[in-house]
2 protein chains.
Amino acid sequence: MFAEERYVRIMEVVNQAGKATVAELSEALGVSQVTVRRDLEKLEEKELLLRTHGGAMALHAHVSEVAHEKSFSEKEEALVEEKERIAEAAAKLISDEDAVMLTPGTTNMLIAKRLIGKKGLKIVTNAANIAVQIGNYPELEIILIGGKLRRKSFALVGPLAEETLQNIRVDKLFLGVDGFDLKEGLTTPNLAEASMDRQMISIAKEVIVVADHTKFGKVFFSHVATLGVVHTVITDEGINRELAGQIRELGIRLIIV
Amino acid sequence: MFAEERYVRIMEVVNQAGKATVAELSEALGVSQVTVRRDLEKLEEKELLLRTHGGAMALHAHVSEVAHEKSFSEKEEALVEEKERIAEAAAKLISDEDAVMLTPGTTNMLIAKRLIGKKGLKIVTNAANIAVQIGNYPELEIILIGGKLRRKSFALVGPLAEETLQNIRVDKLFLGVDGFDLKEGLTTPNLAEASMDRQMISIAKEVIVVADHTKFGKVFFSHVATLGVVHTVITDEGINRELAGQIRELGIRLIIV
DNA sequence: TCGTATATGATCAAAATTGAAAGAAAACGA
DNA sequence: TCGTTTTCTTTCAATTTTGATCATATACGA
């Protein structure tokens with residue numbers, strides 16, 4: 001038996017019973033007590049349990065949970081503050097009876113979380129992770145567009161997805177883009193996602209682009225749409241003043257937070 | 001044998017069994033232990049498995065995965081061991097070029113995790129959480145059926161989902177059911193999910209029911225199908241001997257693990 | 001054909017794992 | 001408080017596993 005297997009078994013016992021003694025674990029795993037103690041030491045280092053005199057105790061869920069969520073992805077993932085503010089502004093645009101659509105992306109994930117509790121709201125998305133994230137909360141009606149799953153972005157794309165979209169109409173589309181350029185319009189790196197985005201734009205009454213300031217002036221491989229389709233843009237204060245003026249001149253409502 | 005072929009075989013063994021020793025792999029592949037170690041090193045670099053002293057473990061069987069997950073659900077969710085064994089047996093039935101379909105459910109989630117690394121495999125599912133769980137790993141093609149998201153089970157159901165299914169055909173369906181009764185057939189508590197299940201059965205060449213022993217003799221509100229559609233049943237040793245005989249008499253292949 | 005690059009295997013010293021033993025620390029009862 | 005018992009840590013030795021180095025074989029292109 002690998003040491004790692006013991007770790008797993010120990011965690012199972014400890015989590016299930018809430019605690020375990022060294023003698024019990026030594027017996028259950030068929031290794032010496034010295035080895036059990038060394039295992040417990042390692043598991044405590046990883047903050048998976050708490051050692052005690054004579055054994056170990058389960059760590060309360062929230063301790064490890066809280067520590068984990070923020071420490072890994074979110075620190076690296078920059079612009080969290082900005083995106084949170086964008087999401088807050090976006091959520092304010094949504095009324096209870098709307099049918100809204102969300103494209104994949106971190107900002108839209110933040111928007112989704114802020115919609116929890118809105119009664120009667122319909123949410124349509126092609127981001128599997130967004131659906132799962134808010135799927136446990138009642139009162140929201142969540143429609144997930146099927147299709148081929150793209151890695152990393154968790155976007156559902158392809159003919160299956162586009163076909164499904166044709167039966168749907170929504171009030172507001174929150175469109176996350178990678179590039180927003182006055183001349184080239186909206187762009188994104190992936191062809192399949194661009195095609196999906198276009199479909200989604202075509203079935204939405206109102207198109208709201210959410211993009212932090214770093215997205216402006218950028219152009220990516222796949223063209224999504226011209227700026228003519230955009231009704232509203234929400235971004236953060238980092239946006240260039242001049243550019244902001246030019247966007248407004250195009251008749252687009254620009255919300256800066 | 002090419003190195004690439006070895007990688008695939010190693011991933012299969014590791015993911016199906018959850019672990020493998022260097023000696024085992026050396027034996028199975030007919031290469032020296034030195035070569036196996038070099039292979040494992042490469043596979044670990046690609047983050048497809050975790051090396052241990054003496055071999056390697058599947059990502060899904062490791063502490064970092066297991067510890068967090070189990071602490072919450074495990075107390076209520078019994079029969080983990082049994083379900084793991086069922087999942088292992090199920091994974092063995094799947095060959096690389098198959099197109100398989102998975103219904104929502106904990107057992108099917110376990111099966112999905114064991115499929116990581118199978119090259120060219122197509123996985124179709126209407127369980128959003130299963131898709132997200134394995135969505136990050138390369139080499140799998142994952143198709144998620146869209147639809148209305150049901151809370152708790154993360155099943156995607158409804159007309160949208162059923163319509164999508166009509167364009168799809170799969171080799172094997174792994175069907176998780178809540179009730180399996182000789183007289184009443186397959187049943188489940190939710191009407192919408194039962195309807196989805198029926199659709200899925202109709203587009204699958206082979207129907208494989210995965211159910212721990214507690215599911216037998218149970219009958220729920222919504223009828224899914226008669227036992228006539230079932231080709232194979234995988235369950236654990238807890239199943240009643242007499243019942244096992246009766247199932248086999250129906251011409252159903254019964255796998256007990 | 002030759003030379004080179006790549007993959008694999010063999011060998012062996014270094015590192016990791018484990019358990020036993022002994023001393024140190026902590027818990028506990030009187 | 002003291003002494004006893006239990007538990008823990010440290011140290012060491014036996015064993016296993018690993019990684020590095022070298023040798024061999026095979027494939028490939030000039």
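Across the interface of chain A and chain B in this predicted model, 9 residue pairs are in polar contact, both partners being at pLDDT 80 or more; such a contact is a pair of N or O atoms within 3.5 Å, where, within protein, one must be able to donate a hydrogen and the other to accept it, and residues adjacent in sequence count only if both atoms are side-chain atoms. The two chains also share 1 salt bridge, defined as a side-chain nitrogen of Lys or Arg within 4 Å of a carboxyl oxygen of Asp or Glu. The partners are B:Lys19 and A:Glu5, with their closest N and O atoms 3.1 Å apart.

On the side of chain A that touches chain B, α1(A) gives the most, with 8 residues. By class, this side has 22 nonpolar, 11 polar (Gly among them) and 10 charged (Asp, Glu, Lys and Arg) residues. Contact, taken as heavy atoms within 4.5 Å, involves 43 residues from chain A and 49 residues from chain B.

The size of an interface is often given as the accessible area lost when the parts come together. Here chain A and chain B bury about 3,600 Å² between them, 66% of it on carbon and sulfur atoms; the area is computed with a 1.4 Å probe and summed over both parts.

Within β7(B), B:Lys148 stands opposite A:Ile143.

Residues are numbered from 1 along each chain as its sequence is written, and chains are lettered from A in the order in which they are written. Local features need pLDDT of at least 70 and side-chain atom pairs 80 or more, whereas totals for chains, interfaces and linings use all residues, and side-chain values use heavy atoms, without hydrogens and water.

Key. Buried area = accessible area lost by both parts, 1.4 Å probe. Helix = DSSP H or I, 4+ residues; strand = E, 2+ residues; numbered from the N terminus. Pairing = 2+ DSSP bridges.
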